[in-house]
Structure formats: structure tokens, C-alpha cells
Amino acid sequence: MQPCPPITNLAEDLIKSFPRPVFLTDGQAGTLLGWNKLFDDTLKGAPEKGGPLADCLDCAHAAEWLARQFSVAKAQGHVNPEHYWAGCFTSPNGNPVGARISIIHIDTQNDLIAATLMVSEVDAPVAAGPRNLRGRLDDLSLAVSRAAQILLADRDDFKANLNNVLSILGRATAVDRVYVWSIHPSPNHNDDALYASQLYEWSLGEESQEGLEMPTDVPLTEAAPIWMEYFLESRCVNSLVKDMPPEQRKNLARPDILSILVAPIFIKGQIWGFIGFDDCRGERTWTEAEESMLRAAGTLVGTAIHNAGVNDDLRKAQRALESSNAFLAQAVDRATVLAREANSANKAKSDFLANMSHEIRTPMNAVIGMTHVVLGTDLTDHQRDLLRKVDFAAKALLRIINDILDFSKVEAGMLEMERVHFSLADVLQGVRDLNEERAREKGLVLEVTSAPELPEDFIGDPLRLNQVLINLVSNALKFTEKGMVSVRAELGRQDSGEVVVSFSVTDTGIGMSAVGQSKLFRPFSQADGSISRRFGGTGLGLVLCRRLVELMGGEINCHSQEGCGSTFRFSVRLGRVSEADMLARQKSEKSRSKAVSHQGVDLVQKLKGMRILLVEDNDLNQVVVREFLKKVEQVVVIANNGREALELLERNEFDIVLMDVQMPVMDGITATRLIRQLPRFKDLPIIAMTAHAMSGDEARSLEAGMNEHLTKPINPRDLFNCLLRWKRELPEVEASEALHQERFVLLTELENMIRHGHLVSCRELVRQSQALAWPRSCRDNLDDLYRSINANKFDHALAVLQELKSPSSECGGSLLRQN
């Protein structure tokens, strides 16, 4: 068969198996586009593909009739099965040939017509009798053509169409019954045998099989005994019933059947089922040509049923998919609403926690900061003891706040674990340093040890490991009145990339009952929930420990007995450290030890004379930071908001900016972004010094252009280290005429204030003078001037002032040149 233009699968299957000549033609132009082998054999010559159909059949009337039928079918949407063209044309051997053309299928989408051609010699003898072979074949061929037209019409009522097809086939073959069965696997998955089910049936003189009970899921050995051997050999069962073996006769549907033909149905090379024809009125056997025709009819019917089932399954799947999509759309809408509500609730919760954190940390910065400042002054022993207790209580409150905030971060999945190179010995030493004084005050022994086989360095999150240990040790100290608290680190499992390190914290305290232990790791629960309990707490510390341990790939548990103390054990997975990492860390530590010194004079010398712009709206926090920086002799100028900071930066030179975030008029984030837009401030260090401590706050500060993020309450050591990290040597700048004038006016006014003894005004004028840009050689004089006025050493202050204004000094020379 020649390749054909694209048509539907069912039509293509029909054309391949049709037992009559079939050709394809263009619906409009009458061009011959393709044909099957029987068409080629009938014409006894190779037709010219793409040529006019009229030339091939030597008759123009057939092509004209096909074109008209195509137009009608395209308008009506289906082919009229009663219409056919009859005429004659000259065969290749010159003899006149009778021809009848029936349309099998019209593909309006591709403008194709599939038609069958029946021919007979005009002068050929015709046998007598109504049922001669030629007549029967013509009738059967016409019946199959009509059946094809009906099934390919794609009308809505497939079952009615198929009943009609079986009726046409039954009447054309003059039988009493036509039936179709499918062959399929067993409905029982444990059974390998084949089964058969009857799908359709037509009987002469009977109504259609609506309501007729048909056998289903019948073992093939009962439904078609030994017929499967014929089917697999692609043969038909074509026999007189009296000649059939007894086991076949007893399984026939009716006892009065005289002749039978059963043809196998193959779809895509696989046995699909069979079609049967029963004759109860006469004994006959079908010829090979009739068998071929009925096999084609069976293929047509089976393929149509199979495609209809597939299409039905597709429609069901489509409906199920549409239903699922609708349900999914509803679920997505509902989930979106719930997510929006959850996000809103989480945002409200986060906003509340952020505001709570800010509002608590701001005054706490003042409490802890001022306590630290006062502890550095001359105090009586009783005063110092009271202030230490205040400091301890404030820091305990800070730990509670940190636990609440960390717990909220863990619950929201926003707590990220670091993986950095750290020393386990440093972590354990930090635990000892932080808790040793508390243990000594209670008369307890605090023992911190590690197994000798433990490596010193690991990869992990030292801050969170330290947090877990400190929480457990703090609890142990709180619940222990006498005896000791011991911390032990040991080596656990090892592999190529990671090490499991086990920790234990053991105390000789009050212990816990089994009921108390069951509540340990529940949020907001405590072992003792009574109103008479001796020890306080939020119930969050151990929950946070468990979550942090799990985030570090470990687990935590407790063993305790009332009156006999408790032991908390936990493990974490830490990364191994390569030799290259070890060398890099040692080099980094050496550089850091050179760069940073916390010893009095060294620190003062390193930080002395830095000009710092403190942008802070809270009066108490202004005092705290100023007192911290006074110890290292730094010049501090204060701006109460971001706008004031911008104004001061326009007129003065600063080494560093300490920027609060939440302020009236202009916040620190906005101010920082505006500062960074000015090219001359692109390298100016800006440090966030804020009570904003929620997840994402540091990222927002850095994104705005800040260099570092310090969280209140401010630890003086952290502040000094930060200043050392960002200290820079500024190049000398040529002062403008306006700046020289401003210096001269301020110094002159300051001299008058000193001579008249206006101390408060003098201090303010000195601060204003320090805020101006000066050559490096003048800054020490300005600092000396400030200290002299604060110490009421006015004579010395006047001397320093005269030196600043002296023509021999760089500052004074500049002033005189301008005035």
C-alpha cells in the first residue's frame, strides 16, 4: 500500500484490512492520493499518485460525484450510507468494466475521501439464483462499506450505531445471529487463564440486546473451547455444526444452529476477541472471499469498540481530571486563604515579638550599661554587691528574652545553623568562665573536662553549642544547693566527614520524678508546676535545647531521680577539620591577637582620638554609649535621628557612625541608604547598634549598607572590638574657607566662655568644635581641651586654646591665614 495522507486511526486500520479496493482522493480537486494493494491489483497497473482520479478510472463522472458527496457530507457532518455511484469505465485491457463506488469515510479536517471500488466485467456470466457468490460478495462488500460509514460517522449513540452495524452484517450474510466477544485476562489477579465476555449481539426477528443478560468473565475454555488454537493461527472457525466435536457443540449458545463462522479480531497484532455468525436455517460453509470480508468486518467492529472504550476511558479520565482540578482549585484557594491567614498571624506574631524585643532591649541596654559603668567607679563593698546582683538579674532577664526569641525562630523554621571552624576547648572555657563565679557564690564545684582523644577543632555552630551547654549548666546550678556540677565532652562515632561528640551535664541537685521528666521537653512546661515551687523559669530553655540539638544532627535525653541529682546527655554531629583549615585558623588567630588587645592602655592607645557620630534617639542609651567610649578617650557627637546625622556628616568628618535603627523623623535604615548614595561616604564605616534582634534584622541592616550589626544590650568589649575592626586612617583634607571661619568663631566664643566661667556652655562648644574637621595634629589638643574643662582646669584650658590659635601651630596658622 502506498503511503497515505494523515487520517483517523480507525479509518487507517479499516483501509489496511478492507477486503475490497480502497482509494483516497482529494474532496475538492478529485486528485488520487493513495490506495491499497487490492486497488492496484484491480487496475492491473501502477496508478499515478497525485494525478486526476478521472484519468485513473477513465471516467469523469465518478470524480464529480465524489466532489458533490464531499460538499454535502461536509455541510451535514456525516456520509449518507445509502448513496453510491454506479457506472462503467474501460479497463487496462480495453474491456468495459462495471463499477460501483461507495464512500467509506470522509475526513473533513484534511479534505480526504476514503472510498471502496467494486468492479465486474460487463459481459461476465452471472450465475442463476439470488444467492450466487458474486451477488453475495457484492452485498457483503456494500454492507461492510455501510458499516464503516456508520462507525466512522462519530455520532453520539455508539451502542445504537453498533447494533445497526450488526444488523446490516446479519442481513447481508443471511444469518440468524451475529455476536461480538472480547478476550481478556482473568478478573482474579491470581489466575493466569484467559477469559471472555460477550459485548454485543443481534438476532433475526429480535429487538436489540438492550436489557439482555450477556455472559461475562467466562473462562475461554468454556466460551470458545479449542477455538483459541484457530485464532492464534489467524484462522476462522468455519464449519457445519454437525461436523464439530461434541465438546464444541455443547457450548454453543443455541441448540438449533446448523452452520457457524467465527472470525478472530486482532488489534495492533494482538488477539482482542472474535465475531461470530450463526445460521439456524441452512447448512453452508463460507468461501475464502467471504471469510476475508467477514474478518474485515470483525476488525472494523472490534477496532471501533476498542477505540470507543479508550475514548470512554479518556472521557472518564478527563471528567475525573476536571473534577480533580476543580477540587484542587478549591483546595488551592482554601490553602491560599489559610496560608494568607497563617502568614498574617505569623507576621502579627513576628511584629509583636520584634516590638517586644525592641521595647525591652532598649531600657535593658541602659540598665546593664549603666550598671557596668557604675561598677567601674569607686564604690563601697555593699554598693558593689548590690550592683552585681542587679547586673546578674538583668542578664538573667536577657537570657529569658533570648530564649523566647530563639524559640520563635525555631518554630518558624527561620533559625539557620552556621558551619564555621571553631575550637571546642574555647567553647568549654566559655562555659566555665560564664558560670564559675555563680558556682563559687553557691559554694559548688564546677568541673569542665573533655576526653583526651577528642580533637581540638571542629566545623559547626559554636554559638548554638555554647547556648545549649550554658542553658543546661545554668539549670544545673539553679537546682543544686550543695555538691558539684560537672560537664564532660567525649568522642562518639566517626566517619570520613563528620564526628559525633557526646556531652553530659551532671549535678547533685534535687533531681526529678518520672512525671517531671516526662514534661521536660514540652514547650512552656516545667517539672514542677505548682504555685509553691521554689524555682522559676519559662519552661522554654530545655525545649530550645532539644530543637537546637536536633538542628545539629543529634538528640538529647535526661536521667534523674528525686533527691539524687540529674544527668542531661546530648550529642551533636560536627565536621572534621582539614590541616589547611587548621593552619588558616592559627594564622587568623595570630592576626587577631595582634590587632585586638583588651588591656587598658593598649586599648586606649588604639582607639584614642577616634571621632564617632552616635545616632541614637534614647537619652539613656546616649549616656551609656558616651560613658563606654569615654574610657577609651574617643570624641562622640550625638545625632537624635537620621536627618540630624545627615546634616552633621555634611559639615564634619567622622571616623565611624554608630547607627540606631528605629528612630523618629528618619530611621537608621533610610539614613544609611541616603549616606551610601554620596560617593565621599562609600567607605565610611556604619555600625548598626540596635534593639532589633529578630531573624532578618541583621540582613536588613547589611542590605541597607551598614558594615556590622550590634544588638542591644551592648557589651563594651564587643563594641571596642568592633571599633578596632573598622578603625581607618583618614587622609588629610584641605579645609574650606567656611570651615576655617567656623573654627575661628567657635574657638573665640569658647575663650570668652572659659574666661567668664560658663562651664556648661564651654562643654557644649568643645563638643561642637570636636565635631568639625581638623588636621590630625590638632585633634590631641582638642581632646586635651575637653578633659581640662571637664576637670575645671580653666587655666590649662586657656593655654591649650592659645596653642590651637597660635600662628606656629598648623591649626592656628590656618586660622590666621583665613582671618
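Mentor: Let's start with a term: a crossing is left-handed if the near helix is turned anticlockwise from the far one by less than a right angle, and right-handed if clockwise. Helix 13 and helix 15 cross in the left-handed way. The model is predicted, so local features need pLDDT of at least 70 and side-chain atom pairs 80 or more, while totals for chains, interfaces and linings use all residues. Numbering starts from 1 along each chain as its sequence is written, and side-chain values use heavy atoms, leaving out hydrogens and water.

Trainee: What makes helix 13 roughly antiparallel to helix 15?

Mentor: Helix 13 (residues 462–478) packs against helix 15 (residues 541–551) at about 150 degrees, their axes 10 Å apart. Roughly antiparallel means over 145 degrees, against under 35 for roughly parallel, 65 to 115 for roughly perpendicular and oblique for the rest, so helix 13 is roughly antiparallel to helix 15. Angles run from 0 to 180 degrees between N-to-C directions, with axes fitted to C-alpha atoms, for helices over the stretch in contact. Helices here are DSSP runs of H or I with at least four residues, and strands are runs of E with at least two, numbered from the N terminus.

Trainee: Which residues of helix 13 and helix 15 meet?

Mentor: R464, Q467, V468, N471, L472 and N475 from helix 13 meet G541, L542, L544, C545, L548 and V549 from helix 15. By class, this contact holds seven nonpolar, four polar and one charged residues. Here Ala, Val, Leu, Ile, Met, Phe, Trp, Tyr, Cys and Pro are nonpolar, Asp, Glu, Lys and Arg charged, and the others, Gly among them, polar.

Trainee: Why does D138 count as partly exposed?

Mentor: Its relative accessibility is 21%. Buried means under 20%, exposed over 50%, and partly exposed in between (1.4 Å probe, protein chains only), so D138 counts as partly exposed. D138 sits in helix 5 (residues 133–152). Leaving aside residues up to four places away in sequence, D138 touches R20, R100 and M118, where contact means heavy atoms within 4.5 Å. R20 is 118 residues from D138 in sequence, with 10.0 Å between their C-alpha atoms.

Trainee: Why do strand 20 and strand 23 stand at the edges?

Mentor: Five strands make an open sheet in the order 20-19-21-22-23, with parallel pairing. Strand 20 (635–639) and strand 23 (708–711) each have a single partner strand, so one side of each lacks a neighbour in the sheet. From one strand to the next, the twist averages 25 degrees.

Trainee: How do you know that strand 19 and strand 20 pair?

Mentor: Pairing takes at least two DSSP bridges. Strand 19 (residues 611–615) and strand 20 have five, in the parallel sense, so they pass that cut-off. I612 faces V636 in strand 20.

Trainee: Which strands does helix 18 lie across?

Mentor: Helix 18 (residues 619–630) lies across strand 19, strand 20, strand 21 (656–659) and strand 22 (686–690), at about 165 degrees to strand 20.

Trainee: How many bridges join strand 6 to strand 11?

Mentor: Six bridges join strand 6 (residues 177–185) to strand 11 (residues 270–279), and the two run antiparallel.

Trainee: What do strand 17 and strand 18 form?

Mentor: They form a hairpin with five residues between them, and G563 in the turn has a positive phi of about 80 degrees. Five bridges pair strand 17 with strand 18 (residues 566–575) in the antiparallel sense.
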